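Visitor: Could you take me through the aromatic rings here, with the geometry and cut-offs spelled out?

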Amino acid sequence: MPIDVFMTQLSPTMTEGKIVRWLKKEGDTLESGEIMAEVETDKATMEMEVVDEGVLHKILQPEGAVVPVGTPIAVIAEEDEEVPADYIPEGVQAEADDGEAMPVATPEQVVETLAAAQGEPDDDEELRLKPAGVFNADGEYDVVVIGAGPGGYVAAIRAAQLGLKTACIESTHLGGICLNWGCIPTKALLRTAELVNVIRHQGKELGLGTSEVAPDLAAAVSRSRKISGKLNKGIGFLFKKNGITHIEGVARFEADNRLIVERDGETREVTAKHVIVATGARARAFPGMEIDEDVVITYKQALVPEKTPQQMVVIGSGAIGMEFAYFYNAMGAEVTVIEAAEQILPLEDHEISKVVERSFKKNGIRIITGAMVKSARNVEGRGVVEYERKGKVETVEGDQVLVAVGVIGNTDQIGAEHTSMKVERNAIEVDDWYRTDHPGIYAIGDVIGAPALAHVASHEGIVCVEAIAGQHPHKVDYGNVPGCTYCQPQVGSCGKTEQQCKEEGIPVKIGRMAYAPNGKAMGLGETEGLVKTIFHAETGELLGAHIVGAEATELIVALQLARTLETTEAELMHHMFPHPTLSEMIHESVLDAEGRAIHI
């Protein structure tokens, strides 16, 4: 019995494919796992494997043919099988009884057929999709990534793993802001600050014999730079290992689907079928904030200080602002934090923020909330910040002012005006597979807007590339992104806050467990903190999880994973947690939501 070979749907949005090359010819024996043909989809050129073994009896569609999904492209016969001369595969264009050609399904009809066969997706599974296509059909590379930050370099590596010829364009350092001027070096500095505070506040209690400490700022900064340098070289090694071409220079789009790279005054054109924009973001400054990189500074200058300022004013109490406030306070500066919202860490649960605020105040950090900054400038070598609070204009001064009010996407210099990309407020508009409005151009990471987090950019990069390659990735769940702040006490969170649940009218059960009674926390000398879990009162769904205290950024992963796996309150209650660990507080918090906590 002859076997029909159909054009397979090789990507979620594919409706037709172009047969680029037949790797088998009529009469060849086919074995499972061999490559029969190469097919160009709306995502990339893919290999079509042999599924049914036998002999390639007849090729129905020649090289270059564009064939709708579900249409027969070949016939396979068994060894020595005689196929009738008038055999016509189902769906092949044939002549009707009246001599006219029978119609072949159109791409639109294919989509309808597939939808009917697969069933209508649930609302939460529906994808927002923009037009598919390629940037340059004759491109030398399958994928070119602009930017080598945590989104760009991860996307490049995943593309290479999937067999796509890949290049990454980067003008400065591999690893981007995160590795060189953000996530990594700040964590190195915060480790120094943590140990300084442990010795200063608990040295004698812990049996260290001293509570005196003399922080060496230069040594701490030097260590942080060495760590960044080591990881930078590591990414270069990964590029070589995966066969990724690193193109040094600044990339920009020009008319007629051209991608130009400039370096040292010289330009070259790079051609690619798919281009991913991963240019990241830079520090934002609001009107009136006059950054001079000396007295009024951003995170870049704060990472490499020549000396500790006696007084520092931090504008903004998000993760960046709070981490630097903690570090500079530990190193001996008098720190003031100014926040426009009514609480520090505005995106966190209110209870969690209050714990951090109490801790910071206990360490001598001044907190001013509900304050709208009107200006920040260098006045005769002093940083002067003017702000309005409760209708009254006030000022605060410092040797330095750190502006930490968020970031803005790097879209200015990429030549977006020569493309069809939609850019609003320095953020590129994309769909669920990170396609822009310009076919063949994609965007990921900070350049598409909040949440501006390294792990989000990396995740987006993988989803984007897998969609390009015709895989079937899950779209990113932005409702379950882990948020982490690495000052002490640390903050880790995912899902909804208690306030969000109230605003949405969701009935909840809330469990809490303090660090203070936990044996492991006592042993660590880290009894400041809280675990808070929020469940749907009727279904037991874990709606949100919030932790403040030692190792919160590590502990939150367990609860975020529980949300991904749709774990219920009942399942978490029955789970066995090891003793003695900080993780036991998660168990007690869950039990507390049902009034069953043991150690409260």
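**Aromatic rings**

Guide: Ring pairs join Phe324, Phe327 and Tyr328 into a cluster. First, the ground rules: this is a predicted model, where local features need pLDDT of at least 70, side-chain atom pairs count only at pLDDT 80 or more, and totals for chains, interfaces and linings use all residues. Residues are numbered from 1 along each chain as its sequence is written, and side-chain values use heavy atoms, leaving out hydrogens and water.

Rings of Phe, Tyr and Trp (its six-membered ring) pair if their centres lie within 6.5 Å; planes under 30 degrees apart are stacked, over 60 edge-to-face, and the rest tilted. That rule gives 4 aromatic pairs. One of them is Phe135 with Phe253: the centres are 5.7 Å apart and the planes at 65°, so this pair is edge-to-face. Phe135 sits in the loop between helix 1 (107–118) and strand 9 (141–146), and Phe253 in strand 12 (residues 250–254), so the pair ties together parts 118 residues apart in sequence. (Helices, H or I with at least four residues, and strands, E with at least two, are DSSP runs numbered from the N terminus.) Both Phe135 and Phe253 are buried, meaning under 20% relative accessible area with a 1.4 Å probe, protein chains only.

Phe324 counts as buried at 5% relative accessibility, and Tyr328 is buried at 0%.

Methods:
Buried means under 20% relative accessible area, exposed over 50%, partly exposed in between (1.4 Å probe, protein chains only).
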